[in-house]
Amino acid sequence: MTSSLPIIDMSKAYTERNELAKKVVLGLENEGFIFIDNVAKLDYDGLFRACKWFFDKPIEFKRTVMRNFWNPENSNIYRGYFPITEGEPSRKEGFEFARDVRYDDVTVAKNNWFYEESPWPKEDGEFPFKEFLQESYEILHNTALEILKLVAIGLGIEENIFEDMFLDKPCSTFRIMHYPPWKGEPPKNAIVEDGKVVITPEHTDTNFLTLLTRFNYGGLEVKTMDGSWAEVDPRPGSLVMNIGDTFSRMMGGRLKATKHRVIDIGTDRYAVPFFFTPRYDGDVGINFMSKATGVGPEHRLERYGPWVLDVIKNQKKYFEYRVLPDIEPTA
Ligand SMILES: O=C(O)CCC(=O)C(=O)O
Ligand SMILES: [Fe+2]
């Protein structure tokens, strides 16, 4: 079954503001996945070229930016390259970076690896990898903020209410990804119902809001309200948006962090998710609407960083993050 998702046309974000605002909130209350059309300045072909430029390079090249977990010669533990792990149902390699914080920002604890500097590979003049991706980061960051304004209007609260959480030093991750096809038999834990094979198993995103570039590839499936899986049709020139656990929990589940997975399409596949994520000290406490409106069940301040550390280390137990050290509290 294929799924037709609501479509938000960003070129109408100011001319049809209230209609769009209602549509975004309705989409997040129901499907939890929405197409975002007409994101100004976003260069999809360039993103594809960035993927090809990096992932076509030999492993020795990728080792220069590989995380310390796989390459002890490097000091980066959170940002940079992660390789394919054979035997895992999640079959992908990726490169991740963030917006660097100012080196003299005294509010960031020295060992707070959420804010470690992103490592960048040496360039060969064929593609402006760092410059292009950093520009794309800012476009997607601004797009996410514009969408959150629509969400706020749709919820009937002040339109800039989310801005503070992402100001100056968000923990967002920009990831480019390559899924190579399986070599030989896939592991048993990658085989799901009807003999289908996953390359990313069922999950919800943990962050606040995700903007995904999929190029023309199929393979992405979302869990529908009746519990069945539906493929999200390819929609070239459009982003797919969904929200993660952080935002859904703040909203008491009213807005949904929908489960999704990626099915093996038998060929190489590339995707570029932008994981829009609050500042380390951003307040992600429950009953957000009480904070926003002044009425309702008690809201308690809860910082994003400590909260999400507990989620990834003790609840979701992502294997690649189990080595991440604890972070000393900031001043
Ligand atoms: O590759 C895709 O289409 C989706 C990837 C995804 O869900 C993720 O990285 O969280
Ligand atoms: Fe995801």
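Q: What makes the approach of D205 to an oxygen atom of ligand 1 a polar contact?
A: In this predicted model, a polar side-chain atom of D205 lies 3.2 Å from an oxygen atom of ligand 1. A polar contact is a pair of N or O atoms within 3.5 Å (within protein, one must be able to donate a hydrogen and the other to accept it, and residues adjacent in sequence count only if both atoms are side-chain atoms). The D205 distance is within that limit, so the term applies. Polar side-chain atoms of H203, at 3.1 Å, and of Y179, at 2.6 Å, also face an oxygen atom of ligand 1. Taken alone, ligand 1 exposes 290 Å², of which the protein buries 95% (Shrake-Rupley method, 1.4 Å probe).

Q: How do you know which residues are around ligand 1?
A: A residue is near a molecule if one of its heavy atoms lies within 4 Å of it. The residues found around ligand 1 include R175, M177, L212, R269 and F275. By class, the shell holds seven nonpolar, two polar and three charged residues. Strand 6 (173-179), strand 12 and strand 13 (269-276) each supply at least two of the shell residues; strands are DSSP runs of E, at least two residues long, and helices are runs of H or I, at least four.

Q: Why is K92 called buried?
A: The relative accessible area of K92 is 13%. Buried means under 20%, exposed over 50%, and partly exposed in between (1.4 Å probe, protein chains only), so K92 is buried. K92 sits in the loop between strand 4 (80-82) and strand 5 (93-97). The K92 side chain has a polar contact of 3.1 Å with that of S90 and another of 3.1 Å with that of T200.

Q: What makes S11 partly exposed?
A: Relative accessibility is 49% for S11, so the residue falls in the intermediate class. S11 is placed in the loop between strand 2 (7-9) and helix 1 (17-29), and a polar contact of 2.7 Å joins its side chain to that of D9.

Q: How do you know whether D283 is buried or exposed?
A: D283 has 11% relative accessibility and therefore counts as buried. The D283 side chain makes polar contacts with the side chains of K291 (2.8 Å) and H299 (2.7 Å).

Q: What do the numbers and values rest on?
A: Residues are numbered from 1 along each chain as its sequence is written, while chains are lettered from A and ligands numbered from 1 in the order in which they are written. Local features need pLDDT of at least 70, side-chain atom pairs count only at pLDDT 80 or more, and totals for chains, interfaces and linings use all residues, with side-chain values using heavy atoms and leaving out hydrogens and water.

Key: Nonpolar A, V, L, I, M, F, W, Y, C, P; charged D, E, K, R; others polar.
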